[in-house]
Amino acid sequence: MEGSMSSGSLGGGGSGMGEGLGSTLDEPVMDTIMRDVRMVGTKMKCVMDPRRVDVETLKDWDLWGPLLLCLILATILSASAPADQKSLVFTSVFVIVWCGSGVVTVNALLLGGTLSFFQCICVLGYCIFPLTVASIFCVTIGAMTGFWIRLLVVAFCFVWATSASVGFLSTLVPENRRALAAYPVFLFYLSLSWMVALAS
């Protein structure tokens, strides 16, 4: 679930596919796990500070971080849902995250974006992190506050997530089409944000 043949968990240094695979297969499991954890942490730092987004880091895609964030978000929102809607909420979040990411990615590619399908999925998935933080707030501290406080926190995290993902995508889409690429991203995070805001 990772990309970039010359780096990342394939372990290559640009010297060929066979050598990269060999070094990955020969290394201890703990080294592989720790490298993946460090890679996820590096990408999370890019999302936490969108002003310093490192395009090259995000181009080396992986799906471990997005999958983990998606599962956490879906689990938190389903846990706070009524008993008869828990599975529906979990499924809805999971489908919105992955299908929504796919639609946004296809749109960016059709607009002439110079990124791969999985690079875009990776970026959109990591940028769910602020909404995951908002969901934790809404079902813990936010449950003791009013709806408007929760809405304010979710709105802040929505802007954070959107600006982080648009900041990356805008560098890879032609300048005259950036608004068309950003609009689906806006709708994607808005739908997730509204589900988070309604959690209690």
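The following chat concerns the predicted model shown above.

Trainee: Which ground rules apply here?
Mentor: The model is predicted, so local features need pLDDT of at least 70, side-chain atom pairs count only at pLDDT 80 or more, and totals for chains, interfaces and linings use all residues. Residues are numbered from 1 along each chain as its sequence is written, and side-chain values use heavy atoms, with hydrogens and water left out.

Trainee: How many helices and strands are in the protein?
Mentor: The protein has nine helices and zero strands, where helices (H or I, at least four residues) and strands (E, at least two) are DSSP runs numbered from the N terminus.

Trainee: What does H2 span, first C-alpha to last?
Mentor: H2 covers residues 29-48, 20 residues in total, and reaches 29 Å, close to the 28 Å expected; the expected span is 1.5 Å times one less than the number of residues.

Trainee: And which residues of H2 are buried?
Mentor: Among them are Arg 35, Asp 36, Met 39 and Val 40. Buried means under 20% relative accessible area, exposed over 50%, and partly exposed in between (1.4 Å probe, protein chains only).

Trainee: What share of the protein is buried?
Mentor: Buried residues account for 43% of the 200 residues.

Trainee: Changing topic, how many disulfides are there?
Mentor: The count is zero, a disulfide being a pair of cysteine sulfur atoms within 2.5 Å.
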